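Here's a walk through the structure shown below.

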Amino acid sequence: MTFAPKAVLLLAVLGLAACNNPDKYGAGNGVVDPGGMYGDNGISQGSINDPNSPAYFNQAIGDKILFQVDQSTINPEARTILSGQAQWLVNHPQYAAIIEGHADEQGTREYNLALGARRASAVQEFLISQGVAGNRLRTVSYGKERPLAVCSTEDCYAQNRRAVTVISLGAGS
Amino acid sequence: MITASFGQIFAAAQADVMRRDAETGYKGPRPERGMASMMRIALAALAALMIGPAMAQAQQGPLRIEITDGVIEPLPYALPTFVAETGDAGQMANDITRVIAADLSGTGLFREIPESAHIQRFGAFDMPVSYPDWQAINAQALIVGGVSMQGGKVVVKFRLFDIYSGQQLGDGQQLAASPASWRRLAHKVADVIYSRVTGESGYFDSRVVFVSETGPKDARQKRLAVADYDGANIQYLTDSSTIVLAPRFSPDGGRVLYTTFETGFPRIKMLDTRNVAATLLPEIPGTMTFAPRFSPDGGSIVYSMEQGGNTDLWTMGVSGGSPSRLTNSPAIETAPSYSPDGSRIVFESDRSGTQQLYIMSAGGGEPTRISFGEGRYGTPVWSPRGDLIAFTKQHAGRFHIGVMRTDGSEERLLTASFLDEGPTWSPNGRVIMFTRESPGAAGGAQLFSVDISGRNLKKVDGVGAASDPAWSPLLP
């Protein structure tokens, strides 16, 4: 619970910053927008109350799923979120998505890059299995370079072991 | 611009430092002398210490830190401030002397006897040594030097004396460089002294490429930087507009491989240290490439390529050519490192379920697992001597830097902390530098070094927040 206000604040700040970045895949946004976590890639977020809006995708459906330590298995809770993501993407073919894989800091740097890639790929495969065209999806790993929560306890680690689906305009549609 | 001057300085320094044996000094045969052989025995004792605790650990099950220190008494040496032989060399003589002292004492193998305790004072470089004066203050080594400015160059000459045998150890030497390279002159003098006393090559005239870090933990800004091994002369090679990771020097120090997110995805880039120009290496579209390392001949690289979520090791020539696959498993294979002769590669894989270390032929083929202790093992790096492999170990919520033989035996942990990772070897294989990160929201990364005996753990000053160090070879 203690993280909620901070997350909202972050969202507001990063939302502003990310508006400057028109790149489809958020190229080079590693500094302005930490890991592109909330990167809107220049697209209008719209309202969370509008089921056709990216804001709805990000917040109502959920753009993020979490993983167990050193795992890339998609658990039942994540499955529900990803099914919602897939359905939204199928219904909104004008959007593409890049899936970011992340790891917590309890691992070596290059292994965590590979682990993040595994997680992003697991999400990609699931979305494809739910009918999303593969050419609309790309993956990237940030390893442990862009934590969402910065404490060094399991509370934070659990939030950082994540895959985030960032939608953008147009690719492959 | 800071980065623009780097190449010039680096290249100039390489061409600039000339060494020649001085006409002065002892020219006769050089048998093993008291001081040198004593230090060799001391180093042998260190090696023996490494074996002892590792065997004990194997019997006890879980590995514990058993860092033995205080066993070796550092060798006391006297280093009178070098004589300024021209009127304008006073400051330079003082500065060079202090850098030599910092190099020697910084190893933990030498202890300086302060100048205030010296009895004999050198008014001239050629003054005869009064051995009883140095024996009286228990000096075992004496270094006498002179500095002059000649035709725009700094010229340093020095002699090393073995006090107990009452003779000069090795020839006197003279070195010259441009004033901008004065620290390199000092490092070269210290390398010669270290080498004569220990019988091993030195490591002071070397550089470290690393990632300089600024900003909060969730928006860290990273840029490539290079500094002398002691943290001096820091220079930046990239700006902080994108994440950069894990640089490595080429065997000749002229190029640096690293991973950059500048395209939005991890890609390998090669930078020429002479002109600071960098180029992305070719990749197969839709993949991520990272963890690049040069082969010992500098002609090819080994790296990780991720395809469809799976990461394997590949190799390709540095000047193009199609990549060829070295591993083919559904596990993560990364963090490769060549043996010094280029015949084998050590790497990490989680094919057993957790990260462990494996060795395979440089051309690929069936690997042999070498790590069998508890916990996870990653980031293996082959020592320049070829005898040891340094690694990061994770066990019971702690991180360690350790070393083991290439067959996995005689494992020894050198450090323990919240997060230590990414060892790199000094050019002589005696010291390991690594990243130590502190925990929490305000946590940050710093560079540390430690002897392979586990002694002399210390922070590398002067580089600020930094990670992913990679040591250069000894400079020419």
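This is a predicted model, and chain B comes with an average pLDDT of 88. In chain B, 85% of the residues score at least 70. Where pLDDT is low, the predicted coordinates should not be read in detail.

Now for the overall make-up of the chains. Chain A has five helices and four strands, and along the sequence they follow the pattern α-α-β-α-β-α-β-α-β. Chain B, on the other hand, has five helices and 32 strands.

On to the cysteines. How many disulfides does a search of the whole structure find? The search turns up one over all chains, and it joins A:Cys151 to A:Cys156, with an S to S distance of 1.9 Å. The link is right-handed, with 120° about the S-S bond. Is A:Cys156 buried or exposed? With a relative accessible area of 0%, A:Cys156 is buried, because the cut-off for that is under 20%.

Back in chain B, there's an open sheet worth a look. Four strands make it up, in the order E12-E13-E14-E15, and the pairing is antiparallel. Which strands stand at the edges? They are E12 (244-249) and E15 (277-280) of chain B; each has a single partner strand, so one side of each is left without a neighbour in the sheet. On average, neighbouring strands of this sheet are turned by 25° against each other, direction ignored.

Zoom in on the end of that sheet, where strand E14 (residues 267-272) of chain B meets E15(B). Four bridges join these two antiparallel strands. Across the pair, B:Lys269 stands opposite B:Leu280, while B:Met270 stands opposite B:Thr279. E14(B) and E15(B) form a hairpin with four residues between them. In the turn, B:Val276 has a positive phi of about 60°.

One residue of E14 in chain B gets a closer look here: B:Arg267. Why does B:Arg267 count as buried? Its relative accessibility is 12%, and the cut-off is under 20%, so B:Arg267 falls on the buried side. What does the side chain of B:Arg267 reach at 2.9 Å? That would be the backbone oxygen of B:Leu281. Leaving aside neighbours within four places in sequence, B:Arg267 is in contact with B:Tyr258, B:Thr259, B:Thr260, B:Leu280, B:Leu281, B:Pro282, B:Glu283 and B:Thr289.

Note on methods. Residues numbered from 1 in each chain as written. Chains lettered and ligands numbered in written order. Predicted model: local features only at pLDDT ≥ 70, side-chain atom pairs only at ≥ 80, totals over all residues. Heavy atoms only, no water. pLDDT = per-residue confidence, 0-100. Disulfide = S-S within 2.5 Å. Buried < 20%, exposed > 50% of the residue type's maximum accessible area, 1.4 Å probe, protein only. Pairing = 2+ DSSP bridges. Axes fitted to C-alpha atoms, helices over the stretch in contact; angles between N-to-C directions. Polar contact = N/O pair within 3.5 Å; in protein donor to acceptor, adjacent residues only side chain to side chain. Contact = heavy atoms within 4.5 Å.
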